[in-house]
Amino acid sequence: MLQFLGAQEHSKVVGIVKSSMNKDVIKNVFIEIVGTGNSTFSAENGTFQIILKNRENLILQIVAKDYVTKNIPIVYPKGILDLGSIYLEPDIRAEKSTNLISLTDSDLADDQGETITSGILQATKDIFLNRAAFDFGQAFFRVRGYDSQNGEVLINGLPMNKLIDGRPQWNNWGGLNDVTRNQEFSFGLAPASSTFGGILGTTNIDTRPSNMRSGLRLSSSTSNRTYSGRFMATYTSRINNKGITYSISSSRRWAKSGYANGTLYDAFSVFGALEYQLNKNHHFLFTAFLASNRRGSSSAITEEVFNMTSNKYNPYWGNQNGKNRNSRERKIQEPLLLFNHFYKKEKLQINTGIFYQLGDRSKSRLGYYNAPNPYKTYYRYLPSFYINSPIGANFYSANKAKEDFLLTPQIDWDNLYTANLNSLSGASYILYNDVIKDKRLVMNSVTNFDINEKIHLDLGAFYQNLRSTNYARIEDLLGANFHRDIDAFSGTLNNVDGNNERVEGDTFNYNYVINASKIKAFGQLKYKTKNWNAFFTGSYAVSNFQREGLFKNQRFITSSLGKSEKTSFSTISVKMGFTYKFNGRNWITVKGAIVERPPTLQNIFINPRENNLIVPNLEEEKVTSLDMSYFIRLPKLTARITGFHTLFRNTTDVNFFYVDAGVGSDFVQEVLTGVDKLHLGTEIGLEYQLSSSVRLTGVLSLAKYTYASNPNVSINFDTADAEEELINTIGRIDLGSAKLKNYRLAQGPQKALALGIDYRDPKYWWVGLSANYMGDNYANISTITRTDSFSLDPETGEKFADATEENVERLLAQKPLDDFYLLNAIGGKSWLRNGKYISVFVSLNNIFNSSYRTGGYEQSRNGNYGQLKKDNLSGSPSFAPKYWYGYGRTYFLNFAISF
């Protein structure tokens, strides 16, 4: 209950924070005079004192993890104001965060899922970001259109983002919710104490047992999303008289099939942390954990296939001997070992750490060699192939194709075995894994120093070294005796120096190593006064990348084996910002950044599986970002209004596909350079406490994400097959610029609205309902079709007669995906029985079972005007865009008990 408190003599407020449920004191509670930057933490015994510096009406805010935030309006006192015992109510809505089936830790849509940002937003109480994580996330909404490489994730101050793509691998600690809940989050360009940070923000996960709730916690969950069952057990000891405390945790998650058909899930996780407090200044922490994850993937599909099936359809699996078998399994097993030393004095903190990671990630797939495509969604097996026949529509064959597809829509594993048994020249079909085996070492040290009451200094440096071995490994010959390691298109050897008859367990196709390293240092000054806060942060980094080929590929005899040139980048980044407080309840912030960063490793080498070739004239990417926010913090109303503008410049992108282009047909590596992207928009988050039990919320995102340049496009291809008609004998052609400027980016919904209502009963149960609307979502466009080569007739080399600018624009017009509405509900109840804390949590998503598309991409096969035009005449193109479809109605139920 809010209290209005009178004045006394001295400007100091004191009190003790306790739990309303068991009356225990709560330590490490964050207490702040809202909008002033004046804050403190409660001590081990729950007590606190905070000196008031502003002579005006203020709001004392008390924030503790897993408790309802309390706001106490106060009048500036003239003496010591003793609030006595302040009781915080347990926030069982925190179960929503604890039990979040993080989309980044699932396989909703394979690579699409890896780019979303909901995982990094779990630690925030900001209403806008909270909705973005828990309600918008299921539709692959990305805050400000950023993907996850723009958010930095640390564990105990050590950076976790991968060098290959810049993204954090959430699966490395998946299933360890209980011990990764303590997170410090800095949103956007806000300063972080341990690193320069990403433009999306920084999350630092703290695994110190002394900061976890002691005791035993058991939980069990059931769901119809990525997994059907989960069991988790966690125990954290109290600190003994020798200063030792520890925490252990394990979990198991499983499903014969997730929401999409054939998507098995099999995962287990184990965790251990040991902390030794030598004295009040020195703490040592050792952390080790392993999250093993095996799961079946699903695929984007065309609208034609969706109309014949449903959003649960998945072409990657089939039945074998009465069991479902998925051809596209992902396996991740990368244990981490971390060691930290924490030094702390009154004004000085130093965190020095090191971690080592090893293990592998793999993706399985079917390989087929001079044999029919095994997937039933192959374009030649679908009705549209016959409708779009160059000799005229064949509706009888189209109807027969539909009947055959509906009769056997999945992989026929028995047929693959039969084909192999009848082959005398090696396997026609094999199941193999693309394997990435990493060894990663990271060291860092961060110093935080209070120079005086107004100035704070952060300094830090880290070193990262990576050795990444990449190869293909035969998992199952599917009844064959051997596989002949020869390129099916050109008939050339993948490894001239090796035996081309390969068996199960052998490395084949490609084999190379990436050596990479990064050194980075940062410094940060923070300054605060009564009405002003400001910061300035700078960083300098040096990154090195080199490929070492282990196979001599016959298609690239001189450039496949051995080491490539070493590619190095030196980057400088700065960011700064200020906050001006009109009073304790209204303030503004302005932040800006200029960031340089190297291209991600996957966009440095053109075709690393086969050769050492590097993208020509590579330069650092440059990001400029600015945001302005206005905050309101009243006893009942909390609000944030933000405008942002971010420009990504000089980015690079490498893609692989088969194309019938205006300059010829081949399997190509498409290289885009000079890609600029513009992200701008507005975020609004409102939270109103209608009564002590009822809370209303409203969230709005209005944004526009577009290409801001016409990048250069080139294609690369091999020239080994003398029998095929080559595009040219050089193996590369520059297609000039692609007219992409002002096309929308495929970065999730660019318009989102949520209205919510929560009810929290004094008897510790609560329910919440949110209505969500999302729109302005776009599929990723094909770049090669926006080059001048698109208008060329590959037969004559001349421009198509009717390929006028107007006709081309009409054919390539970008259309948004359908807008959609989602209704979600959540609820929970908690009890305290004989010292045991019991809670139940349930969530229902997409209650009305709406069908919607979360994203997609245009296929690039039809790379010339004539072919694409013909393919679209029927209204059912053979190479239509492919889409990912969201889940229908889903549920999640969790039961937990803590001792």
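Tutor: The buried residues of helix H3 are Ile 127, Phe 128, Leu 129, Asn 130, Arg 131, Ala 132, Ala 133 and Phe 134. This is a predicted model, in which local features need pLDDT of at least 70 and side-chain atom pairs count only at pLDDT 80 or more, while totals for chains, interfaces and linings use all residues. Residues are numbered from 1 along each chain as its sequence is written, and side-chain values use heavy atoms, with hydrogens and water left out.

Student: How should I read "buried", and how many residues of H3 (residues 127-134) are buried?

Tutor: Buried means under 20% relative accessible area, exposed means over 50%, and partly exposed lies in between, with a 1.4 Å probe and protein chains only. Helices (H or I, at least four residues) and strands (E, at least two) are DSSP runs, numbered from the N terminus. In H3, eight of its eight residues are buried, and the helix is described as mostly covered.

Student: Which backbone nitrogen does a side-chain oxygen of Asp 126 reach at the start of H3?

Tutor: A polar contact is a pair of N or O atoms within 3.5 Å; within protein, one must be able to donate a hydrogen and the other to accept it, and residues adjacent in sequence count only if both atoms are side-chain atoms. Here the oxygen of Asp 126 comes to within 3.0 Å of the backbone nitrogen of Phe 128.

Student: What is a salt bridge, and how many salt bridges does a search of the whole structure find?

Tutor: A salt bridge is a side-chain nitrogen of Lys or Arg within 4 Å of a carboxyl oxygen of Asp or Glu. The search of the whole structure finds 35 salt bridges. One of them joins Arg 144 to Asp 627, with the closest N and O atoms 3.4 Å apart. This pair links distant parts of the chain, since Arg 144 is in the loop between H3 and strand S8 (151-155) and Asp 627 is in strand S32 (residues 621-633), 483 residues apart. Both Arg 144 and Asp 627 are buried.

Student: Why does the salt bridge of Asp 434 and Arg 609 tie together parts that are 175 residues apart in sequence?

Tutor: In that salt bridge the closest N and O atoms are 3.7 Å apart. The pair ties those parts together because Asp 434 lies in strand S23 (residues 429-450), whereas Arg 609 lies in the loop between strand S31 (586-597) and S32. Asp 434 counts as buried because its relative accessibility is 8%, whereas Arg 609, with a relative accessible area of 38%, is partly exposed.

Student: Which residues do salt bridges that share partners join into one network?

Tutor: The side chains of Glu 683 and Arg 640 meet in a salt bridge (3.0 Å, N to O), and both residues are buried. Salt bridges that share partners join Asp 126, Arg 144, Lys 591, Asp 627, Arg 640 and Glu 683 into one network.

Student: How are aromatic pairs read, and what angle counts as tilted?

Tutor: Rings of Phe, Tyr and Trp (its six-membered ring) pair if their centres lie within 6.5 Å; planes under 30 degrees apart count as stacked, over 60 as edge-to-face and the rest as tilted. The whole structure holds 33 aromatic pairs. Among them, Phe 30 and Phe 41 form a tilted pair, 5.4 Å centre to centre with 55 degrees between the planes. Phe 30 is in strand S2 (residues 30-33) and Phe 41 in strand S3 (residues 38-41), eleven residues apart.
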